[in-house]
Structures are given as C-alpha cells and as structure tokens.
Amino acid sequence: MSFRGFQKSVVRWAFADLSSPPPTQAPQQFKAKFNIGEHTKDAIYVDSERRFQELETETKRLHDESRKYFDAVNGMLKHQIEFSKAMTEIYKPISGRMSDPETLKVEGNPEGIRACEEYEAVVKELQESLAPELEMIESRVIRPATELLDIIKVIRKATTKREHKKLDYDRHRASLKKLQDKKERSAKDEKAMWKAENDAENSTQEYNYFNDLLKDELPKLFALEREFIQPLFQSFYYMQLNIFYTLHERMQRCDIGYFDLTLDVEEAFHKKRGDIQEEAEKLSIVKFKTSGMKRPPKYGGPKPALEGSSPAAITAGPSSAAGSSTAVPRISYQRQSDVVENPPPPYSPAPTSPPVGNVGTSSLAAVAAAKSKPPPPKPKPSRLSGAPTTEMVTALYDYSAQAEGDLSFRAGDVIEIVSRTANENEWWTGKLNGKSGQFPGNYVQLKS
C-alpha cells in the first residue's frame with residue numbers, strides 16, 4: 001500500500017463516526033479532532049449548539065415516552081380483556097365427552113364464567129370511553145412532538161453544514177498564512193497565493209453566513225420552544241387526569257355479584273380460596289422432591305410391578321391361607337406401614353430318625369473309630385439358614401423426608417432394610433444412623 005492509500009485509510013478510520021466531509025476537508029477535520037493547529041471558536045455559538053443538543057435529546061425523549069404511555073394504556077385494556085377470556089376458559093367444564101352430549105356433566109364454575117363475562121363487558125366499555133382521550137394524546141402530544149423533531153432535523157443539517165464551512169475556513173486560512181510566511185516567493189507561489197486569497201475570502205463569507213444565521217435563529221427557537229412545551233405538557237396532564245378519572249369512576253360502579261367488595265382484598269382472597277391449598281398439598285404427586293442429584297430414569301427403567309402378581313417367597317413353613325386369595329392387580333405406591341406383614345417362620349432342620357436297632361453296635365463303633373472324620377457340610381443358603389440375614393441397600397439419589405416417618409439420606413449412604421416388598425416402586429422401611437423410616441424403593445439399589 002502506498003503512503004497516500006495509507007493516509008486515506010487513516011482518515012476514514014478517524015472520521016467513521018462523523019458525517020462524511022468532502023475529501024479536501026478530511027486533513028483539517030483530523031487536525032480539529034486532535035486539536036492540531038489553529039481552529040476557529042465562537043463561544044456564543046458553542047453555547048447555543050449545546051442548548052440545541054439538549055433540546056434535540058429531550059424532544060426525542062418526549063416523543064418516545066408519550067408514545068409508550070399511549071401504547072401502555074391501550075395495552076392495559078387489551079390485556080384485561082384477554083385475562084377475562086383466559087379465566088373463562090379455566091372456569092369452563094373439563095369433564096364429559098363432546099362427541100356424546102348425553103354424558104356431558106357441567107362441573108365448571110357458572111358463577112365465575114358469568115363474572116368474567118361481566119368484567120370483559122366493563123373493560124370493553126372503558127375501551128370505548130377512553131378512545132377519544134387517547135386520540136387526543138395522539139393528536140395533541142405525539143404528533144406535535146413528531147413535527148418538532150422534523151424541524152430539529154432540518155436545523156441539524158444546517159449545523160452540520162456550518163461545521164463543514166468552518167473546516168474550509170480554517171483550511172484556507174492556514175494555506176494562505178503558510179504562503180504569506182514565505183520569505184522568498186516564486187511566480188508559482190504568487191499564483192498560489194492569489195488563489196488562496198480568493199478561497200479564503202469565499203470560505204470566510206460562507207462560514208460567517210451560516211455562523212451568524214444560527215447564532216441569530218437558535219435563541220428564537222429556544223424561546224418558541226418554551227411556548228410550545230408549556231401547552232403540550234398542560235394538555236398531557238389534563239388528558240392523563242381524564243383517563244385516570246374515567247378508569248376510577250367506571251371501576252367504582254362495577255357491581256359484579258361474584259366479588260364481595262365490602263371485604264379487604266387479602267381477606268376476600270382467603271375467603272374465596274378456602275381449603276384449596278390444603279387439599280392440593282395432600283396430593284401424592286406434589287410430595288416427591290429431590291435435591292438436584294441425578295433422577296431415576298423416566299423411560300427405559302424397570303416397569304412398576306402389579307400388586308398381587310409378585311412371586312411368593314420360598315419358606316419352609318406352611319403356606320398361609322390368606323396368601324392364596326386372588327388380589328385385583330393395580331399399580332400402587334402404598335406405604336408399607338399400612339400393610340401388616342407376616343414374615344415366614346425361620347427354617348429349622350427336620351428331626352433325625354431314631355436308630356432302627358442295636359444290631360452290631362460294637363462292631364460298627366469299631367469300624368467308625370478306625371475311619372477318619374468326614375469334612376463339615378457346606379454352609380446353608382442364606383434363605384434357608386436358621387438366622388435371617390440383614391439386607392443392605394445403597395442410596396442412588398438424595399432423598400429428603402416429605403412427611404413424618406420418612407427417612408432422609410444422601411446418595412451413597414448404606415441403609416439397613418427393616419422391611420420391603422418385591423416391587424421397588426413401593427415404599428420400603430429401613431434404618432440409617434439409628435433412625436428408622438420409610439423411603440421410595442426406586443431410590444436405592446440392593447447390595448449383592
């Protein structure tokens with residue numbers, strides 16, 4: 001890249017945030033940006049330009065906030081109507097089959113539906129009543145602010161042009177001064193000096209025209225601004241009062257029998273709610289809570305067994321007559337404290353038969369003494385041993401007690417089983433750190 005190309009790149013980077021000046025003004029604008037060389041400053045115009053900047057910012061803010069207020073009131077009424085429609089849908093019946101009207105049972109809330117419809121009618125009436133006031137905000141506040149913004153945009157173009165003329169003025173003055181400071185001037189320098197004098201004179205006239213025009217007109221704009229803002233603010237204030245008064249007056253006349261307006265808001269809420277919260281908290285589906293650890297698999301895991309279909313345990317004692325009754329299969333998470341368990345009797349070996357006779361007792365004793373003793377038998381299986389073994393399980397997840405009698409544990413704890421069923425999706429009873437309680441069987445794994 002040549003030096004001239006590099007210079008153009010630097011200029012484009014330096015003035016990327018400014019309005020694009022002609023290429024001849026770029027070096028002078030670069031000097032002004034970094035305060036290099038002499039620059040023309042007019043204190044009166046600088047103060048006027050600052051005030052104009054504030055006027056531009058605040059007018060834009062006035063326009064935007066007025067528009068937001070207009071949209072907010074309209075949005076509030078629309079959301080109130082949608083709210084009443086949503087409540088109506090919630091109150092509608094949820095039972096029965098629409099394909100068979102004879103089975104339809106009206107289990108909804110007719111009084112609540114009627115109250116929602118009355119409320120929706122009130123809000124629609126409010127919407128019609130407030131439409132003229134909102135239209136006045138549009139015509140008397142938002143539209144004048146938009147027109148003032150259009151005027152400010154035109155004036156901003158004039159201030160930008162004034163800045164460009166100032167750059168030309170400073171640039172031509174600097175060029176003329178540079179030629180005038182030369183002690184020995186050639187014919188070419190004389191010709192360049194004559195051209196620089198003409199350029200400086202023209203740029204001075206153009207700069208003075210825009211500078212004087214803005215210094216003269218901007219104060220007049222500020223005076224007109226005060227006369228413009230005062231009635232604008234007054235109109236907005238009174239229209240806002242009308243909106244609030246209409247809302248208050250209409251809602252005060254709102255007489256819907258479903259609501260008891262003589263009670264305090266909180267008191268009326270608790271009266272309407274009744275014991276719904278307590279009834280909801282009794283549902284078992286709201287009892288299970290975890291502490292953020294890995295949850296049991298939702299799909300693909302072991303399916304819950306059916307009650308009454310689990311295989312019977314192998315026992316040496318006689319079978320119970322009650323166990324032979326056929327139970328209706330159903331999935332259940334019944335707590336084991338509600339079921340009376342009858343564990344099988346411990347295994348005991350059958351009594352040995354008495355000796356048949358005393359034939360050859362002395363000879364048999366001699367032969368037995370001559371032979372070596374046989375090795376002891378293998379230990380009995382755990383399920384057939386006389387002393388019942390203690391089952392242990394390992395916790396797979398954290399579990400916090402949800403009711404009195406539950407056993408809390410952390411993932412990895414080893415729990416001693418007190419009683420359990422063959423279905424891991426039921427409640428088991430165990431002991432941990434000397435404390436007994438119930439817990440869900442699918443939260444643990446049996447230790448082999």
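Tutor: A residue counts as buried when its relative accessible area is under 20%. Keep that cut-off in mind for this chain, which is a predicted model.

Student: What share of the residues of the chain count as buried?

Tutor: Of the 448 residues, 26% fall in that class. As for the surface, the chain exposes about 32400 Å², and carbon and sulfur atoms supply 57% of that area.

Student: Let's look at helix pairs. Why are H3 and H4 called roughly antiparallel?

Tutor: Set the angle against the cut-off. Helix H3 spans residues 43–91 and helix H4 spans residues 110–180, and their axes cross at roughly 160°. Angles over 145 degrees count as roughly antiparallel, and H3 and H4 are therefore roughly antiparallel to each other. Their axes come within 8 Å, and H3 passes H4 in a left-handed crossing.

Student: What makes up the contact of H3 with H4, by residue class?

Tutor: There are 27 nonpolar, 12 polar and 12 charged residues in the contact of H3 with H4.

Student: Now the strands. Where is Lys435 found?

Tutor: Lys435 is in strand E4, which runs over residues 435–440.

Student: What makes Leu407 and Gly430 contacts of Lys435?

Tutor: A contact requires heavy atoms within 4.5 Å. Leaving aside neighbours within four places in sequence, Lys435 is in contact with Leu407 and Gly430.

Student: How far is Lys435 from Asp406, in sequence and in space?

Tutor: Lys435 and Asp406 are 29 residues apart in sequence, and their C-alpha atoms are 9.9 Å apart.

Student: Across the chain, what percentage of the contacts with a separation of 6 or more come from residues 24 or more positions apart?

Tutor: Such residues account for 68% of those contacts.

Notes
Residues numbered from 1 in each chain as written. Predicted model: local features only at pLDDT ≥ 70, side-chain atom pairs only at ≥ 80, totals over all residues. Heavy atoms only, no water. Axes fitted to C-alpha atoms, helices over the stretch in contact; angles between N-to-C directions. Helix = DSSP H or I, 4+ residues; strand = E, 2+ residues; numbered from the N terminus. Parallel < 35°, antiparallel > 145°, perpendicular 65-115°, else oblique. Left-handed = near helix turned anticlockwise from the far one by under 90°. Nonpolar A, V, L, I, M, F, W, Y, C, P; charged D, E, K, R; others polar. Buried < 20%, exposed > 50% of the residue type's maximum accessible area, 1.4 Å probe, protein only. Areas by Shrake-Rupley, 256 points an atom, 1.4 Å probe, with all protein chains shown as cover.
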